[in-house]
Amino acid sequence: ILEGSGIENDNRPIGWPALLAVVYAFTGINNKIAIYFSCFLSIMMVPLLFLFVNTIQRRTNIALWATLIFVVMPTHIFWSVSAETNMSSLFFILLFLYVSALYYKTPDNGLLWLCMVNLTLLLHFRAENVLFIILFCQF
């Protein structure tokens with residue numbers, strides 16, 4: 001039935017469709033739900049970016065300015081209202097960087113496991129996220 005439909009040649013990672021499947025289980029299947037969920041992830045990136053920059057710099061005003069600059073970037077606004085993998089990938093990148101910064105600040109086995117689980121989730125969203133393995137292992 002599916003022969004020649006192009007589905008067998010789709011080599012994109014499975015993270016975003018799997019995450020949307022969980023959301024669809026609660027809300028029902030609708031195209032706008034994917035866009036709303038992408039907007040939700042974009043909104044959740046704002047406090048996450050603030051926490052990440054504040055953890056690294058330990059200065060609240062720098063974290064506020066970094067968050068403000070990130071929020072008003074036109075590319076961020078453009079991709080926030082689309083159902084592509086950009087916002088979900090960026091959310092998990094920020095989550096990985098924040099948890100990694102916490103781990104490097106205070107090494108703990110629980111934080112290490114959280115970093116590894118988050119890295120595994122991160123790899124399932126975009127193919128280029130494999131480079132974060134090198135970043136994590138370098139330190």
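Residues are numbered from 1 along each chain as its sequence is written, and side-chain values use heavy atoms, with hydrogens and water left out. In this predicted model, local features need pLDDT of at least 70, and side-chain atom pairs count only at pLDDT 80 or more, while totals for chains, interfaces and linings use all residues.

View 1. Helices (H or I, at least four residues) and strands (E, at least two) are DSSP runs, numbered from the N terminus. From that end, the elements run α-α-α-α-α-α-α. The C-alpha atoms fill a box of roughly 55 × 30 × 25 Å, taken along the principal axes. Of the 139 residues, 34% are buried. Buried means under 20% relative accessible area, exposed means over 50%, and partly exposed lies in between (1.4 Å probe, protein chains only). Contact means heavy atoms within 4.5 Å. Among contacts with a separation of 6 or more, 59% join residues 24 or more positions apart. The chain exposes about 9,100 Å², and carbon and sulfur atoms supply 70% of that area. Accessible areas come from the Shrake-Rupley method with a 1.4 Å probe; for residues, only the protein chains shown count as cover.

**View 2. Helices α5 and α7 pack together.** Two packed helices are described by the angle between their axes and the distance between the axes. Helix α5 spans residues 86-105, and helix α7 spans residues 131-138. Their angle is about 10 degrees, and their axes lie 12 Å apart. Axes are lines fitted to C-alpha atoms, for helices over the stretch in contact, and angles run from 0 to 180 degrees between N-to-C directions. The two helices are therefore roughly parallel to each other (angles under 35 degrees). From α5, Ile93, Phe96, Leu97, Ser100 and Tyr104 take part. They meet Phe132, Leu135 and Phe136 of α7.

**View 3. Phe125 sits in the loop between α6 (109-123) and α7.** Phe125 is buried, because its relative accessible area is 4%. Leaving out residues up to four places away in sequence, Phe125 touches Pro13, Gly15, Trp16, Leu19, Thr85, Ser88, Ser89 and Phe92. Phe125 and Glu84 are 41 residues apart in sequence. In space, their C-alpha atoms are 10 Å apart.

**View 4. Thr85 and Ser88 both touch Phe125.** Thr85 lies in the loop between α4 (74-80) and α5. With a relative accessible area of 15%, Thr85 is buried. Apart from neighbours within four places in sequence, Thr85 contacts Trp16, Phe125 and Arg126. Ser88 belongs to helix α5. Ser88 is buried too, at a relative accessible area of 1%. With residues up to four places away set aside, Ser88 touches Trp16, Leu41 and Phe125.

**View 5. Glu128 and Arg126 form a salt bridge.** Side chains of opposite charge can pair when their charged atoms come close. A salt bridge is a side-chain nitrogen of Lys or Arg within 4 Å of a carboxyl oxygen of Asp or Glu. By this rule, the count is 1 salt bridge. The closest N and O atoms of the pair are 2.6 Å apart. Glu128 is partly exposed at 43% relative accessibility. Arg126 is partly exposed at 24%.

View 6. Trp65 belongs to helix α3 (residues 60-71). At 56% relative accessibility, Trp65 is exposed.

Note on methods: Angles under 35 degrees count as roughly parallel, over 145 as roughly antiparallel, 65 to 115 as roughly perpendicular and the rest as oblique.
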